[in-house]
Amino acid sequence: MARIAEEKNTLYAIERLDGVKGQVRFDLYGTVYDEAYFERCKAAIARLPASVDVQWHGQLPQEEGAGVLSKSHALFMPSVGENFGHALVEALSLGRPVLTSDRTPWKGLEHQQAGWDLPLGTPERYTAAIQTLVDMDQAAYDAWSSGAYALGKRYLSDPIPVELSYRLFRP
């Protein structure tokens with residue numbers, strides 16, 4: 001869903017999985033932007049407990065993104081900064097909670113039961129949010145899924161962002 005790169009914080013995401021109790025599968029989709037960084041990611045994956053399965057799938061064609069997200073429980077992308085975050089809005093619109101940094105436009109996610117937008121300086125909060133997802137029963141997950149979907153739908157139904165985008169291209 002994003003490049004395997006420092007600005008997407010892939011290594012940080014992998015490191016937050018250490019210490020989570022229970023079965024976790026973290027699927028990585030995207031091109032490798034920096035081979036040395038990817039080697040550090042692979043080394044971090046090798047240090048994770050056996051209960052955490054991290055799989056890299058490479059580049060994902062854009063038209064397959066929604067299908068992959070719809071089979072996932074959440075989107076975990078603690079980016080160091082996003083102007084918008086297309087993968088985030090796509091996940092929300094599919095009813096998938098997101099776990100991201102507070103350096104995106106997506107704020108107040110936990111209050112809306114749509115996910116978490118956490119400061120990068122609080123790694124323990126990321127691990128706790130992942131643990132919350134792992135520990136959720138179906139009814140709790142359904143509530144968070146509904147919150148994510150409602151937020152995604154509100155955004156996609158709002159004509160103001162579309163109008164602002166059109167204004168960028170008008171002479």
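This is a predicted model: local features need pLDDT of at least 70, side-chain atom pairs count only at pLDDT 80 or more; totals for chains, interfaces and linings use all residues.
Trainee: Which residue meets lysine 42 in a salt bridge?

Mentor: Look in helix H2, where the two partners lie 3 residues apart, about one turn of the helix. The N to O distance is 2.9 Å, and the cut-off is 4 Å.

Trainee: How far apart are the closest N and O atoms of arginine 3 and glutamate 7?

Mentor: Both ends are partly exposed: arginine 3 has a relative accessible area of 32%, and glutamate 7 has 28%. Side chains of opposite charge can pair when their charged atoms come close. Arginine 3 and glutamate 7 form a salt bridge, with closest N and O atoms separated by 2.3 Å.

Trainee: Are Gly115, Trp116, Asp117 and Leu118 of strand S5 buried or exposed?

Mentor: In a regular strand the side chains alternate between the two faces of the sheet. Here Gly115 and Asp117 are on one side, with Trp116 and Leu118 on the other. Both faces of S5 are covered. The four residues are buried.

Trainee: Which residue in S5 is the bridge partner of valine 98?

Mentor: Strand S4 covers residues 98-101, and S5 pairs with it in the parallel sense over 4 bridges. In S5, the partner of valine 98 is glycine 115.

Trainee: Which residues touch the most other members of the largest nonpolar core?

Mentor: This core has 28 residues. Among the elements giving two or more residues to it are helix H1, strand S1 and helix H6. Phenylalanine 76 touches residues including Ala13, Tyr126 and Ile130. The members with the most such neighbours are Leu17, Phe26, Phe76 and Leu99.

Trainee: At roughly what angle do the axes of helix H4 and H6 cross?

Mentor: The axes come within 6 Å. Val89, Leu92 and Ser93 make the contact from H4, and H6 contributes residues including Ala148 and Tyr155. By class, the contact has 7 nonpolar, 2 polar and no charged residues. The axes cross at roughly 115 degrees.

Trainee: What is the phi of asparagine 9?

Mentor: Most residues other than glycine have a negative phi. Asparagine 9, in the segment before H1, has a positive value. Its relative accessible area is 11%, so asparagine 9 is buried. Its phi is near 65 degrees.

Trainee: Where does glutamine 113 lie?

Mentor: Glutamine 113 also has a positive phi, of about 50 degrees, although it is not a glycine. At 34% relative accessibility, glutamine 113 is partly exposed. Its place is the loop between S4 and S5.

How values were computed:
Residues are numbered from 1 along each chain as its sequence is written. Side-chain values use heavy atoms; hydrogens and water are left out. Buried means under 20% relative accessible area, exposed over 50%, partly exposed in between (1.4 Å probe, protein chains only). Two strands pair if DSSP finds at least two bridges between them. A nonpolar core is a set of buried Ala, Val, Leu, Ile, Met, Phe, Trp, Tyr and Cys residues joined through side-chain atoms within 4.5 Å. Contact means heavy atoms within 4.5 Å. Axes are lines fitted to C-alpha atoms, for helices over the stretch in contact, and angles run from 0 to 180 degrees between N-to-C directions. Ala, Val, Leu, Ile, Met, Phe, Trp, Tyr, Cys and Pro count as nonpolar, Asp, Glu, Lys and Arg as charged, and the others, Gly among them, as polar. A salt bridge is a side-chain nitrogen of Lys or Arg within 4 Å of a carboxyl oxygen of Asp or Glu. Lists of a residue's contacts leave out its neighbours within four places in sequence.
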